[in-house]
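Me: I'd like to learn how to read a model like this one, feature by feature. Can we start with how the elements get their names?

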Amino acid sequence: MADWPGFIGGSYPGTSVVQDAERTINLYVERMHGRGGKTPQALYPVPGYTAWSSGITTVGTRGMKKANGRLFAVVGNTLWELANNGAATSRGTVAQDGNPAQLVYSGVVANQLGICAGGAVYAFDLGTNTLSATSLTSGYTHLGYAHGYGLAFNPTTGRIQLSNLNNLATYGGVTFIQRSRFPDPWQAMFVDQNSLIWAVGSESFEVWYDTGQGTQPFAVLDGMNGLWGIAAPFAYAVTPHGNAWLALSNGPRVVISAGGRPEEIGTYAIHTELGRFRRTATIDNAEALVTGDHGHTWVSLAFPSVGGTDIDTPTLTYDLEGQSWTHRGEWNTSTGRYDRWAPTACNLPATHQRML
């Protein structure tokens, strides 16, 4: 068979289909590292699923976290612990809303799991297997952990509340971080792999670090700020290659920051598609998910409000090593179109799935 130049590659749904109309769905591009291959790159299928855990009575996976060799998941309004064989044990109930749940682990010193769900913040003691509510009962959307402190963000007050040192169960009401350098309010907060706090607003971002001084030791890191906002509070991803998010700056764009100022990783075609999503529906409830397999690290962006009978809604996925965009989706036999990729949909059934 003769070569077909340009056949193997990622997605590029151009503004004009005459110019380019590539949509690579449920496949990923892998480039050859050696020189002996028949082709410089190939397409491989996205991993599928197999049944793993049963017995969970609630529906809707909202967040998961490994902690001291144990695996926890918030499904619906319940905190579950999952054993290696998939057996599930309920560890208590939490509040529920339409947002993802956020889970952090404090390390072996305090040996606590922090959970932000339904606007409230909880602490789970891994030594006693006890789940308890904290004093933060409403309005909180994001939870992080850095240098011994729990960090709970409330977008209404604009504050990042600090826990007591090495205690995720107790938060002091007068110990908090609040924006002062830019006028736009913070929309999201996350902690990167260097324990730096990233606070991102609707139009700008800034980074905070631990000065090691005082009961509130965090301060703005000079030079680590800029005019890249975030389009959706949960559309960010912390990866080994940097922090990526769905940004707003003259339209929706995807950026990544690896120890410096953010740089765009989206193509003209991807930005055009994001703009179309924004015009036809909304992107302010988009969510990001990081997955890894076969040496690849993928950031997937899902758009719950985009869809219908006139547009496919597969998830947009970026390969950080391969630097290529593809689409992922679940085929809907009723509509004859793709829906969001299941791991990003927060609606897995009670019989959980495991990637093959």
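This is a predicted model: local features need pLDDT of at least 70, side-chain atom pairs count only at pLDDT 80 or more; totals for chains, interfaces and linings use all residues.

Me: Okay, then where does A83 lie?

Reply: A83 lies in the loop that links β8 (78–82) to β9.

Me: Is A83 buried, exposed or partly exposed?

Reply: Buried means under 20% relative accessible area and exposed means over 50%, with partly exposed in between. A83 comes out at 34% relative accessibility, so it counts as partly exposed.

Me: Now sheets. What is the strand order in the open sheet of 4 strands?

Reply: The general idea comes before the case: strands of a sheet pair through backbone hydrogen bonds, either parallel or antiparallel. Here the order is β6-β7-β8-β9, and the pairing is antiparallel.

Me: Which are the edge strands?

Reply: β6 (61–67) and β9 (88–93), since each of them pairs on one side only. From one strand to the next, the twist averages 25°.

Me: How many bridges are there between β6 and β7?

Reply: There are 6 bridges between β6 and β7 (residues 70–75), in the antiparallel sense.

Me: How do I read a nonpolar core, and how many residues does the largest one have?

Reply: In general, nonpolar side chains in soluble globular proteins tend to be buried together. The largest nonpolar core in this model has 23 residues, and L246, L274 and F303 have the most contacts inside it. Elements giving two or more residues to this core are β24 (242–248), β25 (252–257), α1 (268–280), β28 (296–302) and β29 (315–319). The largest share, 3 residues, comes from α1.

Me: β24 is on that list. How many of its residues are buried?

Reply: 6 of the 7 residues of β24 are buried, so the strand is largely enclosed by the rest of the structure.

Me: And what does β24 pair with?

Reply: Take its partners in turn. With strand β22 (residues 229–230), β24 pairs in the antiparallel sense over 2 bridges, and G229 has L248 of β24 as its bridge partner. Strand β23 (residues 236–239) is joined to β24 by 4 bridges, again antiparallel. V238 stands opposite N243 in β24, and β23 and β24 form a hairpin with 2 residues between them.

Me: What about β25?

Reply: β24 and β25 pair in the antiparallel sense over 6 bridges. L246 has V254 in β25 as its bridge partner, and L246 is also among the residues with the most contacts inside the largest nonpolar core.

Me: Which residue in the turn between β24 and β25 has a positive phi?

Reply: That's N250, with a phi of about 55°. The two strands form a hairpin with 3 residues between them.

Conventions
Residues are numbered from 1 along each chain as its sequence is written. Side-chain values use heavy atoms; hydrogens and water are left out. A nonpolar core is a set of buried Ala, Val, Leu, Ile, Met, Phe, Trp, Tyr and Cys residues joined through side-chain atoms within 4.5 Å. Buried means under 20% relative accessible area, exposed over 50%, partly exposed in between (1.4 Å probe, protein chains only). Two strands pair if DSSP finds at least two bridges between them. Axes are lines fitted to C-alpha atoms, for helices over the stretch in contact, and angles run from 0 to 180 degrees between N-to-C directions.
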